[in-house]
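Please read the structure below together with the dialogue that follows.

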Amino acid sequence: MLAADLFPFVTRVRDRAPLVHCLTNLVVTNFTANVLLAIGAAPAMVVAREEVGEFAAVANALSVNLGTLDVPQSRAIRAAVEAANAAGTPWVLDPVAVGPLAFRTEFAFDLLDAKPAVIRGNASEIISLSGGAASGRGVDSTAATDAALDAAQVLALKTQAVVAVTGETDYVTDGRRVIALSNGSPLMTRVTGVGCALSATVAAFVGAVSDRDEFWAATVAAIAYSTIAGELAARDAALPGSFAVAYLDRLASLDEAAFGKTLVRRDIVSG
Amino acid sequence: MLAADLFPFVTRVRDRAPLVHCLTNLVVTNFTANVLLAIGAAPAMVVAREEVGEFAAVANALSVNLGTLDVPQSRAIRAAVEAANAAGTPWVLDPVAVGPLAFRTEFAFDLLDAKPAVIRGNASEIISLSGGAASGRGVDSTAATDAALDAAQVLALKTQAVVAVTGETDYVTDGRRVIALSNGSPLMTRVTGVGCALSATVAAFVGAVSDRDEFWAATVAAIAYSTIAGELAARDAALPGSFAVAYLDRLASLDEAAFGKTLVRRDIVSG
Amino acid sequence: MLAADLFPFVTRVRDRAPLVHCLTNLVVTNFTANVLLAIGAAPAMVVAREEVGEFAAVANALSVNLGTLDVPQSRAIRAAVEAANAAGTPWVLDPVAVGPLAFRTEFAFDLLDAKPAVIRGNASEIISLSGGAASGRGVDSTAATDAALDAAQVLALKTQAVVAVTGETDYVTDGRRVIALSNGSPLMTRVTGVGCALSATVAAFVGAVSDRDEFWAATVAAIAYSTIAGELAARDAALPGSFAVAYLDRLASLDEAAFGKTLVRRDIVSG
């Protein structure tokens, strides 16, 4: 896939301004909304069990993040996912810290039956979800991304979802095709919520396409776009406070020329 | 109304540092608190039903925002509003996304009986609250602001509240007097929470005056001050990440000369 | 204590990247996480009663903040504190707005029995917790820091905790030793969450040392580091929006030379 294959997905987000319903964690709500606005999408954080179903009929995509899961939120997520599926709205699962914590891990496994369109996590999380044993201490990925590639393919085949493992190298697979991307900056790990917002960005990209067959490419485009914006922002700002500002600015302004010039596909594993 | 009529309200906020109790949505708590601090007010986000009543006796104003309403918060809001009314504390209603979502819409209509001092929303929200049928997809206002002016006047007369409809043009009416303001920048819609924080700013301005008769002018001043700060911030920064930073800086530093020079009353409809 | 005694605690945080479990208020979650990342610690905001105990076994420190306490969070805090004590994980109490509000005040007094390693608050809060009568209107400290010094020593002796009173001058005492620090900037009070994030920073510093005897010095180091970063950030930025960005940048980059050159111990009261 070349930049010319991927950038049209960016344009589609900007043109269609997909409404992305986020059920996410308390730490990143604000940053996630600002990332979605920066890329041209429309964020909506409707949280009550009384409303989430109704909202799924209007939204173009749903983004579910388990970072600060509790019982009331788990009920709202179930209701939202059911309504999304009923309405044909694609939804993205971000299984934050799944593996070491029993409550969310069990819940995440249940959610796999509800057919997410995309699952995006770090290596530990994807290995755990695929049924493997990952070591991890919360949100940090201690397993190398590479080691998660097998797990991602297993998980994709099992769930029919596109699976993205992000880290130093990012892999995106639908079980058959795999692509490896290698943009980004270590500063992206020094600002809270960059990964969580990436999942919402994937939801925006998936929500802007009409055809399930395009979900894999849309996910690749979302990750390429975000990591390139991060890489360019790291040229603007070397420290995390100003980097976060520059990252939003780059997400709002990155054009096709800069995108194409910066894109690194380090390795095409297959497809 | 001239800048010379409006700026004294800004000075009063800075001098009195009104304590603004916010029951707002999960996305904008941080930004709202920072906006209030920037204008010289004192934010306080007490949320528990056990505490909100007690707090209303101390606060100078209460700001209620329905963006991420759920059942526990609806109970806390009711308790806070009752206590505010008992203590004579003015309160502001921001009816986020009222119209398309039944749970919050019904709740918002109930709240109208509890006599808000000010209601601030976009065109869709104000039309819905006035009893009209608005189209909308969540937080975006799809009806033009102009179309909401009639609705605002109906709502103001019905509730005895000052009603502000914000958008490209902002209208503020008490049912009798109407003023139209035309400052701001499209970048204000690219940062999440600018509108929600504007409602809290209105609460600060209303909380800094002693007399109910001044609520209309105080609301006009709050909106003029915020939109002028946004317009000037857009001269400092053209992209949303740095715009959000510049907006807070301008809110903290805008003086009477720059305020007067920038103020645009595009159209005085009446009054 | 000289800079040479304090800076090694900074280095230890950077080397060990302590995992800090935060149960904090809704306003400051994002900023707190970014502050922890900036100083080199690893934030984790696990909030559900179902998970907090499990997490305490993994975390290096726990930070408890009562800013937006409600009943569900009070249960999660109890479970987290018990598990932290069982696992030998030190925990820090930030008694936001304790005094004027009965629900949180009663809860805070209960928590004192659960042996916090450090208590950090403003003058009003510390006076209230020590059993005195403080005046206050929420989160602002209206009592002068100096007046709280006696209260801090009483509280430290009663609870065996290190007690830090922050304000224009900061005092840190274990009941026996007292140190006064005088760095910082008024801008630190114009950005929401700076004080709350300071408590989480204290947790990170305490979580990076092995020995309870070092908690007092680690707390002094945390406060010195944060206030010096704030003082230097105020040289970079004079207004609150850009100050918040500069503060994170300084927290991420402050080195021993700048730390030593800026440190002001205005007054060593004892020790």
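Q: Which side chains meet in a salt bridge, and at what distance from N to O?
A: A salt bridge is a side-chain nitrogen of Lys or Arg within 4 Å of a carboxyl oxygen of Asp or Glu. Here the side chains of A:Glu51 and B:Arg104 form one, at 2.6 Å from N to O. Across the interface of chain A and chain B, the rule finds one salt bridge.

Q: On what basis are such values given?
A: This is a predicted model, in which local features need pLDDT of at least 70 and side-chain atom pairs count only at pLDDT 80 or more, while totals for chains, interfaces and linings use all residues. Residues are numbered from 1 along each chain as its sequence is written, chains are lettered from A and ligands numbered from 1 in the order in which they are written, and side-chain values use heavy atoms, with hydrogens and water left out.

Q: How is the size of an interface expressed, and what area is buried between chain A and chain B?
A: The size of an interface is often given as the accessible area lost when the parts come together. Buried area is that loss with a 1.4 Å probe, summed over both parts. Between chain A and chain B about 2,100 Å² is buried, and carbon and sulfur atoms give 61% of this area. In chain A, the residues that lose the most area to chain B are A:Leu37, A:Glu51 and A:Asp249, together 23% of what that side buries.

Q: How many residues of each chain are in contact?
A: Contact means heavy atoms within 4.5 Å. By this rule, 27 residues of chain A are in contact with 27 residues of chain B.

Q: Which residues of helix α5 of chain A are buried, and why do they line one face?
A: Helices are DSSP runs (H or I, at least four residues), numbered from the N terminus. Buried means under 20% relative accessible area, exposed over 50%, and partly exposed in between (1.4 Å probe, protein chains only). In helix α5 (residues 102-112) of chain A, the buried residues are A:Arg104, A:Thr105, A:Phe107, A:Ala108, A:Leu111 and A:Leu112. Seen down the axis of α5(A), these buried residues fall within an arc of 165° (taken from the directions from the helix axis to the C-beta atoms), so they line one face of the helix.

Q: Is A:Arg78 buried or partly exposed?
A: A:Arg78 lies in helix α4 (residues 71-87) of chain A and counts as partly exposed, at 37% relative accessibility. Leaving aside neighbours within four places in sequence, A:Arg78 is in contact with A:Phe107 and A:Asp110.

Terms used. Helix = DSSP H or I, 4+ residues; strand = E, 2+ residues; numbered from the N terminus. Buried area = accessible area lost by both parts, 1.4 Å probe.
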